[in-house]
Amino acid sequence: MIRAIFPAILLLSSFSTLAQEVALSIRGLSGELEQNVEIYLEAIPQEDYNTGLRFQSRVEKRLTEALNALGYYHPNFSFEVDEDDQQLIVTITPGDPVLIALVDIQLTGEAQDDQAFTKLVDKSGLEQGQVLNHSLYDGLKSRIRNLALQKGYFDGDYTLSRLEVAPDLNQAFVRLHFDSGIRYVFGQTSIAGSQIDIARVESLSPYKEGDPYLASAVGEYNQNLSNTEWFSSVLVEPDLSQLGEGRELPMKVSLAPQAKNQLETGLGYSTDVGVKGSLKWKKPWVNSHGHSFNSSFSLSGPEQTVTAGYKIPLEDALNEYYQLKYGMKNLDNRDTQSLESNLALERHWLLDNGWHRTLFIRYLLENYEQGLQDDSGQFLLPGMSFSRSRIRGGAMPSWGDKQSLILEFGDDRALSETKVLRLQGGMTWIRSAGRNHRGIFRIDGGANLTEDFDRLSPSLRFFAGGDNNLRGYNYQSISPTDSSGALTGAKYIATSSLEYQYRVYGNWWGAVFYDYGDAFNDEPDFKRGTGVGVRWASPVGPIRLDFAWGLDATPGDEFKIHFTMGPEL
């Protein structure tokens, strides 16, 4: 009976040990070795942890692999079981490392004169006398092959690729011999499925026939064609079936037309204008020349807007074009009632430095009541604008900046009520420190240099306050007033905002901010606003909720809640 019961007791004891939670403690390592060991041990599920010999053997195997990968082939392990804390303690002595005794890297074929490959090898970290790191060898081997494919060395292959390790000698020998063969060049391009003139499609290509092959140029051509919005699908690819038939590699462009009509509806909300609905009708292509048409209708309590635009691309279809635009807006907000119409002709360029330049002339016709003033006005305003926007990151970019400058001029001798020079500009910067800290700084300004300010229509005057301006104050509630106390709009505006954001959890951020500015005629009486907010990087874009205090607001009207949706730049 004792012989029968004893194995059962041992088995129950074993099950009891396995059932208890066991911690694993690694000692004797630091830095890169410690990090690599932690990564390798992640392959063992936590529920498998115990103090048994089989588990110790399993751990020792993973530890050995982790240390070998970084050049340590002679580790010693000491296992200790702490019964009180239910802990398995492993003390590791890594031993002497394996050093690289030979680096034999050879490039033959046309790549031997390609500086990109030379730089790749120089930055590989594989040097004689260095501790062996298997990932550096594997990484260089992979990067050489990838670079060859990116630059058109499609016949390239290794004639020798070997990493030899002699653990007894603590030496390693790196041998990589790569024969690139020839570098292919772009051949003739065939285009199929396009409803747009072939010459227009070809003009979007960043490469010419005979240029050395670059995968990045193929990707850029794909992107350019997609950005036109002419096509529902785009595929640019080399015809690899022609490899070995000469240096020129034919290119294939496969396209499918975009739907000729597109409708889009939208519904949004902000505390400035309340609920806002929109309807957009778009024709991505009107004819084979790539002309396009877009229109929109938006409706909110204080504003109703209708716009339409016709775009005529030039030789550089993406970056140079004419645009004819018309817009009508009815505004009934506070002391402003206005019905305005704008007709504009614009010429657009994208400059080499990344700035978007526009020359335009617009005709403004406006009937309005502004405070005590009841009038109508017309202005013919030729002008120029420059803008640039750069971002890195997703819905809430980690880095970005945006700058804009607009100049307009009107003359009473050319269909304008009075002579006026209008200047508007703004700059926004977004910067991050690590993953959890963001800062946003904005500064905006505008000026109307005119001899008779009273002749300016309300849409040409400046008002401050609201969701994206001076928080803590009502929408467009800040400007000079007339004798009745009604807002008149201002000659000048200057506002700024400083905001700090901290990631609280996932896509949720907290914010604190301080706003400063005024809309004024002669001397500014700067207003201050401050508060806290919540930011959510939602799937449809950033959503912002702010609780703001107007530090210089009318007593009893200091607190405002601001809610907005949309990009920060």
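In which strand does Glu408 lie? Glu408 belongs to strand 18, which spans residues 399-410.

This is a predicted model, in which local features need pLDDT of at least 70 and side-chain atom pairs count only at pLDDT 80 or more, while totals for chains, interfaces and linings use all residues. Residues are numbered from 1 along each chain as its sequence is written, and side-chain values use heavy atoms, with hydrogens and water left out.

View 1. Strands (E, at least two residues) and helices (H or I, at least four residues) are DSSP runs numbered from the N terminus. Glu408 has a relative accessible area of 5% and is therefore buried (under 20% relative accessible area, 1.4 Å probe, protein chains only). Residues in contact with Glu408 (heavy atoms within 4.5 Å), leaving aside neighbours within four places in sequence, include Phe360, Leu381, Val420 and Arg422.

**View 2. The side chains of Glu408 and Arg362.** The two side chains make a polar contact at 2.6 Å. A polar contact is a pair of N or O atoms within 3.5 Å; within protein, one must be able to donate a hydrogen and the other to accept it, and residues adjacent in sequence count only if both atoms are side-chain atoms.

**View 3. An open sheet of three strands, in the order 7-9-8.** Pairing in this sheet is mixed; two strands pair if DSSP finds at least two bridges between them. Strand 7 (185-192) and strand 8 (231-238) are the edge strands, each pairing on one side only. Strand 7 and strand 9 (residues 248-257) run parallel and are joined by six bridges. Ala192 stands opposite Ser254 in strand 9.

Notes:
Buried < 20%, exposed > 50% of the residue type's maximum accessible area, 1.4 Å probe, protein only.
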